[in-house]
Amino acid sequence: MSAGNGDTSSNHSSNKQWGGRFSEGVDAFVARFTASIDFDQRLYRHDIQGSMAHAKMLQQSGILTEDELNAILCGLEDILEDIEQGRINWSIELEDIHMNIEARLTDRIGDAGKKLHTGRSRNDQVATDIRLWLREEIDHISEELKRLQKGLLDVAEREADTIMPGFTHLQTAQPVTFGHHLMAWYEMLVRDHERLQDCRKRVNVSPLGSAALAGTTYPIDREFTASELGFDRPSRNSLDSVSDRDFAIEFCAAGALIMTHLSRMSEELVLWTSAQFNFIDLPDRFCTGSSIMPQKKNPDVPELVRGKTGRVNGNLVALLTLMKSQPLAYNKDNQEDKEPLFDTVDTLRDCLRAFADMVPHVQARKENMLEAARRGFSTATDLADYLVRRGMPFRNAHEVVGKAVAFGIKEGRDLSEMTLAELQDFSDTIGQDVFDVLTLEGSVSARNHLGGTAPEQVRQAVLNARKTL
């Protein structure tokens with residue numbers, strides 16, 4: 001008796017694609033539990049693309065006639081149109097996207113449709129579909145990443161002279177420029193883009209022709225299908241080909257790093273929009289208000305991006321856990337690879353789009369940034385460097401400046417606000433020219449070297465970056 005219902009005639013289903021070995025149908029609950037059509041239907045274009053390439057190869061290998069090939073190609077094109085026009089009702093009984101499409105093809109063109117699966121398995125078919133789909137998604141994500149990079153470059157160039165405090169431990173450290181800070185974000189995204197392109201190389205390998213796990217006895221041409229589908233090459237080992245999900249894990253790892261970078265940016269945007277910092281303003285269209293507090297303008301987009309980082313990190317852990325104890329070759333566990341991968345792609349694309357739309361419109365509150373840089377003795381290191389250039393050992397200079405800062409804290413005055421006589425109380429090495437290095441403008445301009453915060457260096461960094469995009 002089946003679980004929950006004694007009527008086996010209504011509670012069991014059979015699958016004509018593989019049911020020959022079975023003496024009874026699959027329990028209706030089990031059919032729903034094991035089906036993947038609810039989520040893998042998004043692979044329909046890539047499944048049809050792979051089937052067309054496979055059919056062409058079968059015809060070239062003498063397994064299909066030219067008439068059979070034409071019937072298959074026309075039938076698949078019709079099914080593609082029906083899917084895109086919303087005329088297909090997916091069947092849970094047919095389990096997945098592959099069998100749904102194959103069954104409909106056979107219904108339309110007859111026995112020729114039954115020949116399409118010659119020399120392949122759902123195992124190499126789904127591995128091919130996912131790679132085709134992910135390759136395309138990597139290209140879309142890379143474009144959004146580039147769009148965000150271009151937006152950052154525009155703002156960084158615009159704010160190359162805007163002085164703000166640089167922080168370590170979220171404490172005022174040294175003055176930097178806002179443009180320089182944004183170029184630090186840009187460098188994170190450069191590494192992200194490089195990782196995606198490197199990952200794409202390992203995605204772009206064709207498992208088609210590996211069949212269930214051992215290859216096939218038919219005279220297939222794997223080089224042909226790999227080339228037809230735009231892959232760099234066929235995979236080299238049939239066992240590994242059908243069970244490998246490293247490429248999905250690697251992509252999710254790259255995605256987790258991208259989201260981690262976006263989360264770090266989000267954290268700063270949230271802080272900077274607060275009344276306590278008030279460094280920037282975000283456009284109203286990227287913010288929301290409060291249902292009870294009329295003065296509120298909440299930075300919802302960066303907050304939500306920061307929050308979504310957790311789900312992408314979780315998807316990476318889910319895939320690592322999925323694969324950690326699987327014996328070769330394919331196992332049903334691998335059906336669980338798609339939803340975390342799909343969610344990572346969807347989340348990543350949405351978050352990058354939101355940032356690429358928002359970042360170019362960030363407005364700096366320059367006076368507030370400048371005033372904040374004046375607090376916290378941000379030119380203390382400049383004073384120490386000044387003393388070193390005048391012959392004092394750095395450790396001695398560090399001690400002298402530390403005492404001057406302690407005096408400033410007690411008096412409530414910055415180093416630049418002290419008199420020459422007060423500064424000379426700590427060291428007679430200090431001369432009138434010290435005030436040239438104690439200004440914020442002098443501090444940032446003095447760091448005029450590759451990677452430094454000087455406005456000239458920021459503009460050059462922007463120029464160099466634009467040449468590579």
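How many helices and strands are there in the protein? I started with this count, and I found 21 helices and 8 strands. I note at the outset that the model is predicted.

**Overall form**

I then took the span of the C-alpha trace along the principal axes. It runs to about 100 × 50 × 40 Å. I also asked how much of the chain is buried. Of the 469 residues, 49% count as buried.

**Salt bridges**

How many salt bridges does the structure hold? I read off 39. I followed some of them up.

Asp244 sits in the loop between α11 (238-243) and α12 (246-273), while Arg131 belongs to helix α8 (residues 122-158), so the bridge ties together parts 113 residues apart in sequence. Are the two partners buried or exposed? Asp244 has 13% relative accessibility and counts as buried, because the cut-off for buried is under 20%. Arg131 is buried too, with a relative accessible area of 5%.

I turned to Glu159 next. Which side chain meets Glu159 at 3.4 Å, N to O? I found Arg158, in a salt bridge. The accessibilities of this pair I noted one by one. Arg158 is partly exposed at 37% relative accessibility. Glu159 is buried, at 3%.

Glu159 also forms a salt bridge with Lys366, with the closest N and O atoms 3.8 Å apart. I checked where the partners lie. Lys366 is in helix α15 (residues 366-374) and Glu159 is in the loop between α8 and β3 (163-168), so this pair ties together parts 207 residues apart in sequence. Lys366 itself is partly exposed, with a relative accessible area of 43%.

**Surface patches**

I went over the surface for charge. Asp38, Asp333, Glu336 and Glu339 gather there in a patch of negative charge.

Which residues form a nonpolar patch on the surface? I wrote down Phe29, Val30 and Phe33. Together they have about 330 Å² of accessible area. Val30 I located in helix α2 (residues 28-34). At 35% relative accessibility, Val30 counts as partly exposed.

**A loop residue**

My last stop was Arg285. Where does Arg285 lie? I place it in the loop between β7 (280-281) and α13 (300-323). Its relative accessibility is 58%, and Arg285 counts as exposed. I also took a C-alpha separation from this residue. Arg285 and Val301 are 16 residues apart along the chain, and their C-alpha atoms are separated by 9.6 Å.

Definitions and conventions: Residues numbered from 1 in each chain as written. Predicted model: local features only at pLDDT ≥ 70, side-chain atom pairs only at ≥ 80, totals over all residues. Heavy atoms only, no water. Patch = residues over 30% accessible without salt bridge, like charges linked within 9 Å, V, L, I, M, F, W, Y side chains within 5 Å. Areas by Shrake-Rupley, 256 points an atom, 1.4 Å probe, with all protein chains shown as cover. Salt bridge = Lys/Arg side-chain N within 4 Å of Asp/Glu carboxyl O. Lys, Arg positive; Asp, Glu negative; His and termini not counted. Charge placed at Lys NZ, Arg CZ, Asp CG, Glu CD. Helix = DSSP H or I, 4+ residues; strand = E, 2+ residues; numbered from the N terminus. Buried < 20%, exposed > 50% of the residue type's maximum accessible area, 1.4 Å probe, protein only.
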